[in-house]
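Me: I would like to go through some of the labels put on this model and ask what each one rests on.

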Amino acid sequence: MNIIHWSDWRVPDGKPLDLSSLPTLPDPRSEAQNGLWPARMNALAVQLNGLQSMLYACKTRGLLLVLQGMDTAGKDGCIRSVFAHISPLGVRAEAFGVPQALEKRHDFLWRIHAKTPALGEMVIFNRSHYEDVLVPKVQGKINRPLCEERYHHIRHFESLLHDSGVSVVKCYLHISKDEQKKRLQARLDDPLKHWKVQASDFEDRQHWRQYMHAYESALQSTSSDESPWYVVPADSKAYRDLFVAELLVHTLQGLSLTLPSPPLDLAHFKLR
Ligand code: ADP
């Protein structure tokens with residue numbers, strides 16, 4: 001059953017990318033099957049759970065999911081839904097905020113590398129090293145050559161992870177500016193969500209175009225076979241979650257994980 005055509009949304013290596021031409025709404029082929037989405041999501045959750053157990057048992061591979069997107073794009077919600085059926089022992093989520101004093105005194109990948117998955121682990125990055133080529137670029141704090149230098153370091157860093165057994169999958173959650181307006185308004189209208197309101201959400205919104213350009217440049221410069229970027233249409237939360245779940249299950253299945261043989265001869269164990 002093919003509900004999500006996720007491979008169509010892969011960012012081609014090094015080719016120009018125009019986010020304004022890419023949809024934020026579900027693909028019509030998928031929308032036509034929206035009655036099947038809940039059952040498919042449940043099936044994927046079960047598969048993901050089994051694959052996570054295999055990953056842990058084998059300890060030969062790791063998985064890193066990088067989630068990026070504008071404020072309210074749904075990074076937190078996506079993590080909650082996609083990993084809802086996985087044991088909290090089996091997955092680790094890491095969020096990256098504005099670098100603190102010690103982090104600023106290190107290279108920009110220092111704090112990131114420390115949180116990458118060990119073999120057997122599944123890790124989600126809620127924001128990531130990509131903030132370091134988005135925020136300072138939009139704020140005019142890094143020039144073009146420095147930005148290119150950071151892309152270069154990122155490509156090598158992700159290549160190192162790949163060569164060390166860690167699969168890197170990167171999703172840009174693509175929402176429209178109108179959808180963000182609705183979601184920010186919902187936060188302002190709901191007292192239970194007031195704690196989430198940040199001045200930076202409103203400031204960054206004013207630089208929407210600059211952020212889109214910064215994302216286009218970052219995604220097209222760092223998408224590769226080893227660590228591809230996907231532009232996930234994210235105005236629909238259910239579709240976004242299904243997309244990411246489908247992509248992860250496909251990625252984990254591609255690792256051809258096989259359970260290690262038992263270290264002991266189990267025939268010797270007799271229960272009385
Ligand atoms: P979120 O918005 O993801 O829910 P926070 O409210 O903690 O989480 O916001 C994190 C903030 O930290 C965002 O505004 C993000 O742009 C910023 N940030 C993260 N990494 C960096 C970085 N390397 N440089 C500058 N700002 C960063």
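The questions below concern a predicted model.

Me: Why is Thr251 called buried?

Reply: Buried means under 20% relative accessible area. Thr251 has 16% relative accessibility, so the label applies. Thr251 belongs to helix α11, which covers residues 237–253.

Me: What does Thr251 touch, leaving out residues up to four places away in sequence?

Reply: Thr251 touches Leu63, Ser167 and Val169. A contact here requires heavy atoms within 4.5 Å.

Me: Why is Glu131 called buried?

Reply: The cut-off is again under 20%, and Glu131 has a relative accessible area of 12%, so Glu131 counts as buried. Glu131 lies in helix α6, residues 131–138.

Me: What makes the pair Glu131 and Gln68 a polar contact?

Reply: A polar contact needs N or O atoms within 3.5 Å, one able to donate a hydrogen and the other to accept it. The side chains of Glu131 and Gln68 are joined at 2.8 Å, so the distance meets that limit. Along the chain these two are 63 residues apart, while their C-alpha atoms are separated by 8.4 Å. Glu131 also touches Pro136 and Tyr215.

Me: How do you know that β1 and β3 are paired?

Reply: Pairing takes at least two bridges between two strands. Strand β1 (residues 62–69) and strand β3 (residues 122–126) are joined by 5 bridges, so they count as a pair. The two strands run parallel, and Leu64 stands opposite Val123 in β3.

Me: Why are β2 and β5 said to stand at the edges?

Reply: The sheet is open and has 5 strands in the order β2-β3-β1-β4-β5, with parallel pairing. β2 (92–95) and β5 (229–233) each have a single partner strand, so one side of each lacks a neighbour in the sheet. On average, neighbouring strands of this sheet are turned by 25° against each other, direction ignored.

Me: What makes a set of residues a nonpolar core, and which members of the largest one touch the most others?

Reply: The members must be buried residues of the listed nonpolar kinds, Val and Phe among them, joined through side-chain atoms within 4.5 Å. The largest such core holds 75 residues, of which Leu65, Val82, Phe83, Tyr172 and Phe243 touch the most other members. Helix α11 gives the most to this core, with 9 residues. Beyond its neighbours within four places in sequence, Val82 is in contact with Met41, Leu48, Asp241, Val244, Ala245 and Leu248.

Methods:
Residues are numbered from 1 along each chain as its sequence is written. This is a predicted model: local features need pLDDT of at least 70, side-chain atom pairs count only at pLDDT 80 or more; totals for chains, interfaces and linings use all residues. Side-chain values use heavy atoms; hydrogens and water are left out. Helices (H or I, at least four residues) and strands (E, at least two) are DSSP runs, numbered from the N terminus. Buried means under 20% relative accessible area, exposed over 50%, partly exposed in between (1.4 Å probe, protein chains only). Axes are lines fitted to C-alpha atoms, for helices over the stretch in contact, and angles run from 0 to 180 degrees between N-to-C directions.
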